[in-house]
Amino acid sequence: MSIIKDYDNYFLPADNIEEAKDFYKNQLGLEVKFDFSDKGMVAFQVGNNEPAIIVNAMKNAQPAIWFTVEDVLQSYEELKQKGIQFISEPYEIMTGLSVEFTDPFGNRLGLTDYSKKPQLR
């Protein structure tokens, strides 16, 4: 049984957050889910899906796919035992905990839980 429950979000780097907002909102017609431009991130809703495309203008941002899990700390330990090499230790975000790793091909993946806001999932 997989520890992964669902997709969380898709992260894409952007050199210019205003240009990214124009492209995704005005050219593609996606609705803004949240706008944290002051922190270098804007999320765009795709249809009625909970996962969003989050453009990220932070330094060294890389494309990533995050998945939701019940408990990041538990999932982190389970996957470490299976040989997954993590980029960092689990860290706190606004909604809970997250941790990132790469697949054998260098693609960045992440796990997140909603331990601070369980009502969201």
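Student: Leaving aside its neighbours within four places in sequence, which residues is Ser98 in contact with?

Tutor: This is a predicted model, in which local features need pLDDT of at least 70 and side-chain atom pairs count only at pLDDT 80 or more, while totals for chains, interfaces and linings use all residues. Residues are numbered from 1 along each chain as its sequence is written, and side-chain values use heavy atoms, with hydrogens and water left out. Contact means heavy atoms within 4.5 Å. With the neighbours within four places in sequence left aside, the residues in contact with Ser98 are Trp66, Val72, Glu89, Pro90, Tyr91, Ile93, Leu111 and Thr112.

Student: Is Ser98 buried or exposed?

Tutor: Ser98 has its place in strand S7; helices (H or I, at least four residues) and strands (E, at least two) are DSSP runs, numbered from the N terminus. Buried means under 20% relative accessible area, exposed means over 50%, and partly exposed lies in between, with a 1.4 Å probe and protein chains only. Because the relative accessible area of Ser98 is 0%, this residue is buried.

Student: Which residue in S8 is the bridge partner of Ser98?

Tutor: Strands S7 (residues 97–102) and S8 (residues 108–112) pair in the antiparallel sense over five bridges, where two strands are said to pair if DSSP finds at least two bridges between them. The side chain of Ser98 also takes part in a polar contact of 3.0 Å with that of Thr112. A polar contact is a pair of N or O atoms within 3.5 Å; within protein, one must be able to donate a hydrogen and the other to accept it, and residues adjacent in sequence count only if both atoms are side-chain atoms. The bridge partner of Ser98 in S8 is Thr112.

Student: What is the relative accessibility of Asp8, and why does Asp8 count as buried?

Tutor: Asp8 lies in strand S1 (residues 6–13), and its side chain makes a polar contact of 3.0 Å with the side chain of Asn9. Asn9 in turn stands opposite Ala52 in S4. Asp8 counts as buried because its relative accessibility is 2%.

Student: Which residues are linked with Lys21 in a network of salt bridges?

Tutor: A salt bridge is a side-chain nitrogen of Lys or Arg within 4 Å of a carboxyl oxygen of Asp or Glu. Lys21 forms one with Glu18, at 3.4 Å between the closest N and O atoms, and another with Asp35, at 3.1 Å. Lys21 lies in helix H1 and Asp35 in strand S2, so this second pair ties together parts that are 14 residues apart in sequence. The residues linked with Lys21 in the network are Glu18 and Asp35.

Student: How many residues apart are Glu70 and Lys5, which link distant parts of the chain?

Tutor: Glu70 and Lys5 form a salt bridge with 3.1 Å between the closest N and O atoms. Glu70 counts as exposed because its relative accessibility is 63%, whereas Lys5, at 42%, is partly exposed. Glu70 is in the loop between S5 and H2 and Lys5 in the segment before S1, and their separation is 65 residues.

Student: Near what value is phi of Asn60?

Tutor: Asn60 has its place in the loop between S4 and strand S5 (64–68), and with a relative accessible area of 64% this residue is exposed. Its phi is positive, in a residue other than glycine, and is near 65°.
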